[in-house]
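Colleague: Could you take me through this model, giving the general idea behind each feature before the case at hand?

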Amino acid sequence: MDLINLELFKIDSLSTFVGVFVGLFTLLTVIYSFGFMDKKKGLFSYYFYIILTLVASLGVVFSNDLVLFMVFWGFLGILLYLLIGVGEKPNTSKTSKKALIIVGGADALMLLGLALIWHLTGTFKMDGMRIPLNSAEAIWAYLLLAIGAFAKAGVMPFHSWVPDTAEDALTPVTAYLPASLDKLLGIYFLVRLTLNMFVMNLDMNTFLMAVGSFTIIAAVMMALIQNDFKRLLGYLAVSSAGYMVLGLGTGNFIGIAGGLFYMLNGAICMSCLFMTCGSVEKNVRTMDLDKLGGFAKIMPITFITFVIASLAISGVPPFNGFASKWMIYQGIINVGKNGGSLWMLWLVATMFGSALTLASFMKLIHAVFLGQPSPENPARKDLAGGRIPKSPLISPKSSHGDRAEHREVNPVMWVPTVILAVLCVVFGVFAYQVPLKMFILPSLKMAVNFSGTWNATLATLLMLVSIAIGIIIYFLGTITKTRETESFVGGEVLKEHPDMRVSGVELYNTVQDIKSLKTIYNMAKNKAFDLYEVVSKIVFGINKILRYMHNGILPTYLAWCLLGMGILFYVLILR
Amino acid sequence: MAVYLLCLVLFSLGIYCILRKRNIIKIIVGVIIAEYAVNLFFILVAYRMGGRSPILSEGATIKNMVDPLPQALVLTSIVIGLATTALLVAIAMKIYEKYGTFDITKIKELKG
Amino acid sequence: MMDISYIIPLFVAVPLAGAFLIALLGKSIKKFPDVMGVLITLILCILSVKSVLIHNTYGILTYSAGGWNPPVGIGMVLDGLAVFMLVTVNVLAFCVAVYSVDYMEKFTAKWKFYTLFLLMLTGMNGVVITGDIFNLFVFLEIAAVASYALVAFGTEKHEIEAAFKYAIMSTVGSLFILLGIVFLYSYTSTLNMADIANVIMLQGKGNIILLVSVLFLMGFGLKAALVPFHAWLPDAHPSAPAPISAMLSGVLIKSLGVYTICRIFFNVFGINPAISSTLMFLGVLSMLVGVVLAIGQWDFKRLLAYHSISQIGYVILGIGLGTPLGIMGGFFHLFNHSVFKSLLFLNSGAVEYATGTRDLQKMGGLKEKMPLTYSTNLVASMSIAGIPPFNGFWSKLIIIIAAVEAGKFGYAFCAVLASILTLASFMKVMKYAYFGDLREKWKAVKEVPFFMKLSMVMLSLICLVGGILVFGDILQGFLGSAQEALSRGTEYAFTVLQGIK
């Protein structure tokens with residue numbers, strides 16, 4: 001009964017790759033936090049938790065023993081809980097509770113998976129474990145372990161903690177955990193499961209692709225109708241996790257490499273987006289898209305980084321998101337070539353998802369950075385020459401200084417976002433030379449044969465064409481915007497009429513009015529798709545019945561005892 | 001065999017009393033009855049037909065004695081029963097003080 | 001070898017003497033009850049640790065009370081299982097006694113408290129070390145009667161009601177145990193447990209043994225609060241003063257219920273598949289019913305009490321599996337549960353001490369005012385929810401692995417489900433008690449006094465260390481010998497009887 005084996009840690013190229021980026025994200029988050037965290041209380045514990053998270057994440061990445069892995073993995077759950085708990089929104093405690101229940105609950109399911117693996121192989125060493133998915137136990141083991149990875153990465157239906165966290169936690173925490181680190185680790189474990197520990201078959205691959213596609217579409221549809229900046233980003237983070245799972249599910253080299261590459265790119269982009277979002281938050285307290293607007297002029301650096309990251313994650317060339325999505329598309333097409341049946345469906349899902357992602361970013365860019373500032377926000381004051389009195393929405397720190405403070409956040413905060421944006425560009429333009437060659441292909445151990453499938457000329461050409469299309473799309477977006485302002489026909493200067501502005505969310509609200517979608521959206525609003533809410537309703541229902549049975553009357557209790565004894569008597573003796 | 005059955009009847013009576021009576025004093029009495037039924041049963045189990053008292057006197061043989069051990073045990077058991085009963089009655093008095101009733105179905109503030 | 005065995009009766013004699021002395025002198029000398037209470041439990045704690053070493057060197061020890069050899073006299077046996085239980089009980093008792101020094105200031109008659117407390121401890125230690133089944137019953141009753149009185153200690157409305165229900169149900173349970181002992185005696189004509197095992201082996205298992213099994217399952221199951229015999233527990237445990245709740249949930253239900261079930265069904269009767277699957281079923285049922293009931297509670301201590309039912313379910317599931325790994329996991333969980341559940345009850349006591357309420361809805365934001373209580377409670381919550389690296393994780397992992405190994409996939413899944421719900425309900429506790437905004441009412445709340453803090457810190461350290469020590473030999477040896485004692489089953493009889501001769 002040797003539960004703990006030696007050789008607890010192992011370093012290979014995949015773990016090195018993930019480990020390096022875990023370190024990078026931690027570094028950037030810490031730098032960013034120096035600027036973001038202005039409250040003094042709890043600062044020590046905040047940084048302490050971040051360091052512990054780094055240690056635990058590295059433990060997850062480098063451990064080779066499943067039990068040890070599980071220890072670090074579960075510990076990350078507590079750290080997530082504690083880090084979300086640092087926030088000060090009214091719902092923070094509720095959100096942190098929900099996050100830990102979902103993540104920790106998935107961890108508990110993983111324990112069962114672990115037990116099944118022990119049952120199947122008699123070892124917990126992750127390398128050298130090649131379990132074929134030919135028995136019910138093996139399939140359950142894979143699914144249960146994958147649930148852990150899904151919950152961590154925020155794949156549907158275990159996603160519901162991500163948008164909530166995005167809304168209620170501190171922004172650097174969101175940028176650090178759900179947006180980047182948990183994605184990296186969740187997908188890392190899924191890769192380990194899929195490539196190293198189990199031998200995949202077609203059905204399981206199809207299952208992964210279905211989960212991925214569903215996540216992409218459903219999450220991005222939810223994102224479209226959100227009116228909270230951070231919550232919208234949260235849903236996009238969920239959607240990006242879908243691409244990673246889909247990529248892995250293709251089961252061929254290029255698709256898996258694309259999925260891994262997208263894991264990196266998604267983490268970079270989402271982290272960057274949340275950080276820029278935090279920079280905006282620094283100036284205004286509200287995150288309601290209706291009330292934001294006009295930040296492009298006062299926060300140029302933030303604006304540019306935001307645009308780069310959002311274009312990257314929407315898959316607009318030449319940024320990194322495109323490079324990886326392109327690989328995923330190829331992977332899906334290869335699935336079709338190899339006789340997979342539903343490949344068109346997945347392809348359409350990814351394309352559609354990309355388009356909708358772009359649409360939701362147009363909404364964000366318009367509502368936050370371009371558009372007219374709303375009467376309440378400080379940007380309006382700058383634009384309108386300071387005629388609007390200071391509103392309570394302005395955060396206390398920025399309200400006492402002069403107008404320069406409303407401009408750009410300090411360098412400590414924008415430097416990390418710029419670094420991430422630069423990474424977006426570099427990993428896009430030099431996709432093959434830098435990230436693929438250095439990190440991803442070695443992790444998959446197939447660098448040699450790969451360049452054949454990778455058609456460099458075609459890629460470049462496509463990129464150029466795509467850039468052109470991207471520019472057109474961008475202008476189309478601008479045109480749409482001018483169309484929106486047509487309602488304004490008075491001939492006055494717009495700046496002086498704050499009530500005439502277009503908020504940038506109304507257009508997207510019409511999506512909800514499409515008939516077939518309306519019921520679904522309504523159900524989503526009532527949280528009918530939130531696994532957490534559904535399960536808790538069922539549990540509380542049973543709880544009510546059981547509590548009713550415990551009526552406090554002693555003879556009832558005694559009757560149960562005697563009845564129980566009678567049943568035991570029957571079962572053990574008479575039968 | 002009949003005595004054993006009588007014991008069973010006594011025990012059932014006690015259990016019935018605990019289950020069906022609403023007055024807590026009667027419930028306590030039920031507990032006592034059931035307890036004594038068990039004690040009686042213990043003594044009866046050790047009894048040998050036509051056996052004599054287990055006292056080793058001069059000239060007597062050890063043959064055909066009743067088993068003395070259960071008698072000692074039952075004494076202990078009675079003492080335990082006494083302690084429990086005393087405590088139960090004391091608690092019952094306190095309950096009457098606090099709730100103003102002996103009805104067990106009305107003493108149900110702790111539930112759910 | 002026989003010289004060492006003088007240690008065995010000390011586990012009963014020392015607390016009994018302590019109880020006597022406190023009852024005699026406690027009223028007149030002011031600090032006497034505190035000092036004696038802590039001292040006696042400290043001595044017991046040291047003795048129990050020593051007994052581990054003794055057991056590791058000498059193996060099973062026996063002691064004959066008054067020099068009368070069993071089966072005539074009363075025999076006491078110190079084997080792996082007994083040693084394990086003694087350590088659990090006495091370490092916990094020490095922490096609780098330390099805690100009580102400050103906590104019981106609220107109540108008037110401290111000496112009565114310590115007297116009853118030590119009597120209860122006597123009963124529990126006695127149950128664990130005795131080798132005689134009627135003696136086991138006597139000690140069980142000593143512990144039970146003391147616990148009825150302790151539940152009613154506050155003499156408020158709810159305490160009295162809970163104590164009455166507890167006392168009646170527990171007495172009924174004892175009646176059936178006594179009835180079982182009568183049947184057993186009539187069949188085997190002996191009371192020494194080793195001897196009984198021997199006789200059963202020679203005569204074979206008649207139907208009467210099955211009848212006795214049913215009676216014992218009900219009686220000891222009631223003491224262990226297995227569903228459907230559990231209904232007294234959620235009333236009784238919250239109503240006692242916090243340290244007593246910790247003792248009741250932490251060790252009383254285990255030494256009176258789980259230990260006795262193990263001892264009798266494994267070592268005396270010899271486990272068979274029917275009993276084994278019954279135990280597993282009862283365990284899983286308790287696990288699920290307990291946790292589902294717990295999740296909707298708003299009374300802090302009542303929530304914890306329902307969790308005791310649920311966690312006992314894990315222990316019984318592990319033991320019921322009957323495989324070495326399962327038994328090991330069950331015992332490990334028993335130990336862990338007694339540590340973290342006691343800690344949780346002590347936390348709830350600390351919160352009640354500081355704020356005067358047990359209603360979770362009335363609390364909030366206590367994190368800043370009571371940082372130590374908060375952090376120890378976090379450790380305990382994570383332990384009970386089975387989050388690594390705390391000790392609860394390891395025992396749950398072992399139980400789940402054992403269940404899967406035994407092919408009980410459904411039970412393993414239920415264990416996981418209960419674990420998720422446990423996590424959820426403790427997240428609820430943390431959220432409502434410690435997070436959120438601090439209410440105006442609690443602005444003046446202070447952290448609890450020194451001895452309460454000390455005790456909570458000790459227990460949370462055990463939670464942490466227990467998780468780390470799982471790799472080491474210490475815990476393996478400690479748990480291993482307990483597991484071995486059960487796995488060997490009725491071989492127990494030979495070893496014990498050999499020791500006597």
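Colleague: How many salt bridges are counted between chain B and chain A?

Modeller: Side chains of opposite charge can pair when their charged atoms come close. The term salt bridge is used here for a side-chain nitrogen of Lys or Arg within 4 Å of a carboxyl oxygen of Asp or Glu, and between chain B and chain A the count is zero. Before going on, note that this is a predicted model, in which local features need pLDDT of at least 70 and side-chain atom pairs count only at pLDDT 80 or more, while totals for chains, interfaces and linings use all residues. Residues are numbered from 1 along each chain as its sequence is written, chains are lettered from A and ligands numbered from 1 in the order in which they are written, and side-chain values use heavy atoms, with hydrogens and water left out.

Colleague: How many salt bridges does a search of the whole structure find?

Modeller: Over all chains the search finds 17 salt bridges. One of the pairs to look at is B:Glu97 with B:Lys94, whose closest N and O atoms are 3.6 Å apart. These two residues are separated by about one helical turn, because they are three residues apart in helix H3 of chain B; helices here are DSSP runs (H or I, at least four residues), strands are runs of E (at least two), and both are numbered from the N terminus.

Colleague: What, then, makes up the interface of chain B and chain A?

Modeller: Counting contact as heavy atoms within 4.5 Å, 10 residues of chain B are in contact with 11 residues of chain A. The area buried between them is about 840 Å², with carbon and sulfur atoms giving 76%, where buried area is the accessible area (1.4 Å probe) that two parts lose on being put together, summed over both. B:Leu19, B:Ile104 and B:Gly112 supply 51% of what chain B buries against chain A, more than any other three residues.

Colleague: How much area do chain A and chain C bury between them?

Modeller: Chain A and chain C bury about 5200 Å², 83% of it on carbon and sulfur atoms, and the contact takes 51 residues from chain A and 62 residues from chain C. Across this interface, too, the rule finds zero salt bridges.

Colleague: Which element gives the largest share of the lining of the second largest pocket?

Modeller: H23 of chain A does, with 10 residues. This pocket has a volume of about 1100 Å³ and is lined by 45 residues, with A:Ile101, A:Leu531, A:Tyr532, A:Val535 and A:Ser536 nearest its centre. By class, the lining divides into 23 nonpolar, eight polar and 14 charged residues. Domain 1 (1-199) and domain 3 (531-574) of chain A each give at least three residues to this lining, the bounds coming from an automatic or database domain assignment, and the C-alpha centres of these two domains lie 37 Å apart.

Colleague: Which residues line the largest cavity?

Modeller: The rule counts seven cavities of 30 Å³ or more, and the largest has a volume of about 80 Å³. Its lining includes B:Glu35, B:Ser77, C:Phe137 and C:Glu141, together with B:Ile80, B:Thr84, C:Thr171, C:Ser174, C:Leu175 and C:Leu178. H6 of chain C gives the largest share, four residues.

Colleague: Where is the backbone worth a second look?

Modeller: Most residues other than glycine have a negative phi, and most peptide bonds are trans. Here the bond from A:Met156 to A:Pro157 is cis, with omega near 5°, and A:Pro157 is found in the loop between H5 and H6 of chain A. A cis bond also joins C:Pro388 and C:Pro389, with omega about 5°. C:Thr155, which is not a glycine, has a positive phi of about 50° and is found in the loop between H5 and H6 of chain C.

Definitions and conventions:
On a 1 Å grid over the protein atoms alone, a cavity is a set of points where a 1.4 Å probe fits but cannot get out, and a pocket is an open set with protein on both sides within 12 Å along at least five of seven lines; lining residues have an atom within 4 Å of a point. Grid points are joined across faces, edges and corners, and a volume is the space filled by probe spheres set on the points. Ala, Val, Leu, Ile, Met, Phe, Trp, Tyr, Cys and Pro count as nonpolar, Asp, Glu, Lys and Arg as charged, and the others, Gly among them, as polar.
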